[in-house]
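Visitor: I have the sequence and the model open. Can you walk me through a few residues and then the ligand?

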Amino acid sequence: MTKVLILNGPNLQRLGTREPEIYGTDTFADLEKSCQEFGKSLGFDIDFRQTDDEATMIKWLHEAADNKIPVVINPAAFTHYSYALRDAAAMHTAPLIEVHISNPMSREDFRHFSVLAGVANGAIAGFGINSYQLALSALKELVK
Ligand code: DQA
């Protein structure tokens, strides 16, 4: 089994109650379950994490880089301003895919720019929690 880190940034643990008209009504536990099950079907051993803390997220990206672990990351609001996270993501030694539940391009202007996009292998956004499954499928091709 290939280990995969799925990293979630600030406020994502509040899925289900957080702006459901934008993020849907599935909870964070539902999201983890769907990632664990779908990941397993692809032969991935999923390590699913969430933090509101930028330093912790950076540490996890270092851990992934040091151990050549593929990453699916929803940086949440960090997407739009954290150059420190971008620098950490830039060190990736295995594929790294950016994922979003909503489509930031169809929302407020400040969400139109991702500081991580330029260092990720690719990005998937706008398909609800299914974005994560699409990212895992894309990852499967990249790690073949
Ligand atoms: C998000 C989009 C970001 O703009 C926002 O700050 C989030 C969630 C998404 O998954 O749609 O927290 O990353």
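Guide: Start with Ile-46, which is in strand S2. Helices (H or I, at least four residues) and strands (E, at least two) are DSSP runs, numbered from the N terminus.

Visitor: Before we go on, what kind of model is this?

Guide: This is a predicted model, in which local features need pLDDT of at least 70, side-chain atom pairs count only at pLDDT 80 or more, and totals for chains, interfaces and linings use all residues. Residues are numbered from 1 along each chain as its sequence is written, and side-chain values use heavy atoms, with hydrogens and water left out.

Visitor: Fine. Ile-46, buried or exposed?

Guide: Ile-46 counts as buried because its relative accessibility is 8%. Buried means under 20% relative accessible area, exposed over 50%, and partly exposed in between (1.4 Å probe, protein chains only).

Visitor: What about Arg-49, where is that?

Guide: Arg-49 is in strand S2, residues 44-50. Arg-49 is buried because its relative accessible area is 15%.

Visitor: Which side chain does the Arg-49 side chain make a polar contact with?

Guide: That of Asp-47, at 2.8 Å. A polar contact is a pair of N or O atoms within 3.5 Å; within protein, one must be able to donate a hydrogen and the other to accept it, and residues adjacent in sequence count only if both atoms are side-chain atoms.

Visitor: Changing topic, backbone angles. What is phi of Asn-11 near?

Guide: Phi of Asn-11 is near 75 degrees, a positive value in a residue other than glycine. Asn-11 lies in the loop between strand S1 (2-8) and helix H1 (20-23). Asn-11 counts as partly exposed because its relative accessibility is 36%.

Visitor: And Lys-68, what is phi near there?

Guide: Phi of Lys-68 is near 55 degrees, also positive in a residue other than glycine. Lys-68 is in the loop between helix H3 (54-66) and strand S3 (71-74). Lys-68 counts as exposed because its relative accessibility is 60%.

Visitor: Next one. Where does Ser-114 lie?

Guide: In the loop between strand S4 (96-100) and strand S5 (122-125). Ser-114 is buried because its relative accessible area is 16%. Ser-114 and Pro-75 are 39 residues apart along the chain, and their C-alpha atoms are separated by 9.5 Å.

Visitor: Now Gln-133. Which helix is it in?

Guide: Gln-133 lies in helix H5, residues 130-143. With a relative accessible area of 22%, Gln-133 is partly exposed. From Gln-133 to Asp-66 the C-alpha distance is 25 Å, and the two are 67 residues apart in sequence.

Visitor: OK, the ligand. Which residues surround it?

Guide: The ligand is surrounded by Arg-18, Tyr-23, Asn-74, Ala-76, Ala-77, His-80, His-100, Ile-101, Ser-102 and Arg-111. A residue is near a molecule or strand if one of its heavy atoms lies within 4 Å of it.

Visitor: How many of the shell residues are charged?

Guide: The shell divides into 2 charged, 4 polar and 4 nonpolar residues. Ala, Val, Leu, Ile, Met, Phe, Trp, Tyr, Cys and Pro count as nonpolar, Asp, Glu, Lys and Arg as charged, and the others, Gly among them, as polar.

Visitor: What lies 2.6 Å from a ligand oxygen?

Guide: A polar side-chain atom of Ser-102. A ligand oxygen is also 2.7 Å from a polar backbone atom of Ile-101. For Arg-18, an N or O atom of the side chain is 2.9 Å from an oxygen of the ligand.

Visitor: How much of the ligand does the protein bury?

Guide: Taken alone the ligand exposes 330 Å², and the protein buries 98% of that. Accessible areas come from the Shrake-Rupley method with a 1.4 Å probe; for residues, only the protein chains shown count as cover.
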